[in-house]
Amino acid sequence: MKYISTRGKIAPIPFKETVLMGLAEDGGLILPERIPVIPRETLKTWAILSYPELAVEVFKLFADDIPASDWRRLVARAYATFRHPEVCPVVKKGPVYILELFHGPTLAFKDVALQLLGHLFEYLLLERKTKLNILGATSGDTGSAAIYGVRGRQNIKIFILFPHGRVSPVQALQMTTVPDENVFCLAIEGTFDDCQAIVKAIFGDLEFKRHYHLGAVNSINWARVLAQVVYYLWAYFRVRAETGAEEVRFAVPTGNFGDIFAGYLAKRMLGKGIERLVLATNENDILTRFVNRGDYSVGKVTPTISPSMDIQIASNFERYLYYLFHEDPVRVREAMERFAHTGRLIFAPEEIRRVQEDFLSLSVNQEETLATIAEFYQKTGYILDPHTAVGVRAGLNFLDERPMICLATAHPAKFPEAVKKALGKEPERPKPLQGLENLPRREVILLPEVEKVKAFLAEHALI
Ligand SMILES: *Cc1c(COP(=O)(O)O)cnc(C)c1O
């Protein structure tokens with residue numbers, strides 16, 4: 001399998017090349033040359049595999065430049081850190097199925113991809129005899145998942161900037177208590193925007209970037225999307241075996257469109273099986289307006305109780321546009337240029353119709369999210385985190401005779417304040433969050449200045 005760019009201006013590259021690459025060199029996003037449709041006979045054999053076995057089959061298909069025996073080793077290591085033997089178990093709660101994606105080390109779904117990516121990076125760096133210094137800014141979730149993905153990996157260091165005193169206490173503890181020496185938490189005396197601006201400025205200094213082998217781990221990385229395809233297929237097989245249903249729907253709490261795009265790929269790979277994907281947003285509803293009215297126009301970011309979905313420009317959206325535009329990179333390029341200038345894309349009725357064959361969508365506000373946490377708990381005894389609750393609310397809205405599988409993207413104990421607001425009590429802390437307060441904290445406090453961060457990198461980066 002070779003990979004191309006949504007903007008059509010790179011020569012096809014093998015999978016391995018995509019892993020260390022963020023954006024394609026023409027500014028587009030990486031996609032496979034074609035989406036394989038899995039034959040019925042193969043699906044029968046896949047349906048009874050364990051999670052790691054299924055992951056290996058999917059990866060072999062999309063990444064044939066890594067031998068199967070190596071994939072088995074990488075996958076086994078990546079998912080050994082999950083606390084559940086099924087890795088991503090599916091449980092029936094009330095009228096819906098919940099796909100629990102939060103059994104990884106940081107209790108959020110990003111672990112499913114980032115645990116694998118850490119091992120993939122290490123594997124490729126050893127092969128190429130080179131090093132990598134990961135630089136990123138976080139307001140919470142992604143930072144800790146990235147840190148846990150690469151902690152202790154050889155030839156990698158990670159430097160995560162976050163606003164000092166402005167990330168949630170649980171998330172700050174998760175990041176700063178990691179003891180591995182290749183992890184550096186830089187608490188910046190400023191805002192998240194300051195952190196992002198510093199990272200952007202440093203990546204903009206191409207000579208510095210090359211000299212210090214700087215790289216990113218953002219959600220546009222193709223390997224991250226691919227790792228997420230697996231759990232859609234996995235959950236489909238589980239629910240199909242239990243109910244005999246021919247078709248299911250998935251409800252997906254969405255921010256950057258990465259997770260739900262993986263669902264779109266799984267839908268195409270199955271041919272028939274996933275009827276539609278329910279795209280759930282919070283008050284930041286640009287993607288809901290896109291699905292329901294063909295209006296993709298940027299607004300201001302509204303801070304909510306589901307902060308990992310507080311996004312206006314969805315970084316993976318361009319991948320879907322490529323298919324909506326019948327795989328025409330010229331149209332993608334034009335649209336993205338127009339969007340960069342005007343902050344707005346409008347779609348024709350025929351396009352909206354096709355979008356609505358793939359997606360249903362609902363925007364769920366804070367009041368509805370809290371009410372959903374309360375009602376779901378009352379009826380089932382199960383506590384939803386605020387992101388998952390947005391998805392469940394949308395899932396219930398579009399419930400029909402087909403099984404509805406709702407993605408649980410975070411453990412409720414990561415968002416105790418929101419849960420307390422809804423239920424009057426905090427959720428119990430699972431093991432990985434217990435006693436974090438008593439561990440030594442490793443963080444460096446820096447002024448919000450590009451030169452200060454550069455000096456720190458120069459002193460500590462691998463070269
Ligand atoms: C990142 C995140 C999301 C959004 O996922 P996207 O791939 O950005 O759409 C939803 N919920 C949680 C808990 C997350 O961390």
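This dialogue goes through several features of a predicted model, one at a time.

Q: What should be kept in mind about the numbering and the confidence limits of this predicted model?
A: Residues are numbered from 1 along each chain as its sequence is written, and because the model is predicted, local features need pLDDT of at least 70 and side-chain atom pairs count only at pLDDT 80 or more, whereas totals for chains, interfaces and linings use all residues. Side-chain values rest on heavy atoms, with hydrogens and water left out.

Q: Which residues are closest to the ligand, and how many surround it?
A: A residue is taken as near a molecule or strand if one of its heavy atoms lies within 4 Å of it. Here 15 residues surround the ligand, and the closest are Lys110, Asp141, Gly255, Asn256 and Thr409. The shell divides into five nonpolar, seven polar and three charged residues, where Ala, Val, Leu, Ile, Met, Phe, Trp, Tyr, Cys and Pro count as nonpolar, Asp, Glu, Lys and Arg as charged, and the others, Gly among them, as polar.

Q: Which atom of Lys110 lies 2.5 Å from an oxygen atom of the ligand?
A: A polar contact is a pair of N or O atoms within 3.5 Å; within protein, one must be able to donate a hydrogen and the other to accept it, and residues adjacent in sequence count only if both atoms are side-chain atoms. In Lys110 the atom at 2.5 Å from a ligand oxygen is a polar side-chain atom, while for Asn256 a polar backbone atom is 2.7 Å from an oxygen atom of the ligand. Phe257 likewise takes part through a backbone N or O atom, 3.2 Å from an oxygen atom of the ligand. Taken alone, the ligand exposes 380 Å², of which the protein buries 97%; accessible areas come from the Shrake-Rupley method with a 1.4 Å probe, and for residues only the protein chains shown count as cover.

Q: In what order do the five strands of the open sheet stand?
A: Strands of a sheet pair through backbone hydrogen bonds, either parallel or antiparallel. The order in this sheet is E9-E6-E7-E8-E16, with parallel pairing, and its edge strands, E9 (214-215) and E16 (444-446), each pair on one side only. Two strands are said to pair if DSSP finds at least two bridges between them, and helices (H or I, at least four residues) and strands (E, at least two) are DSSP runs numbered from the N terminus. Strand E6 (residues 132-137) pairs with E9 in the parallel sense over two bridges, and Ile134 stands opposite Gly215 in E9.

Q: How many salt bridges does a search of the whole structure find?
A: A salt bridge is a side-chain nitrogen of Lys or Arg within 4 Å of a carboxyl oxygen of Asp or Glu, and the search finds 28 of them. One of these joins the side chains of Lys60 and Glu57 at 3.3 Å, N to O; both residues lie in helix H3 (residues 51-62), three residues apart, about one turn of the helix. An α-helix has 3.6 residues a turn, so residues three or four places apart point the same way. Arg353 and Glu357 likewise form a salt bridge (2.8 Å, N to O), and both lie in helix H15 (residues 349-358), four residues apart.

Q: Are Arg249 and Glu275 buried or exposed?
A: Buried means under 20% relative accessible area, exposed over 50%, and partly exposed in between (1.4 Å probe, protein chains only). Arg249 is buried at 7%, and Glu275 is buried at 15%. Their side chains meet in a salt bridge of 2.6 Å, N to O, and this pair links distant parts of the chain, with Arg249 in strand E10 (residues 248-253) and Glu275 in strand E11 (residues 274-281), 26 residues apart. A network of salt bridges links Glu247, Arg249, Lys272, Glu275, Arg276, Asp400 and Arg402.

Q: Where is His326 found, and what is its phi?
A: Most residues other than glycine have a negative phi, and most peptide bonds are trans. His326 is found in the loop between H13 and helix H14 (329-342), and its phi is near 55°, a positive value. Glu327, in the loop between H13 and H14, has a positive phi as well, near 60°. His326 counts as exposed at 56% relative accessibility, whereas Glu327 is partly exposed at 38%. In helix H13 (residues 317-324), by contrast, eight of its eight residues are buried.
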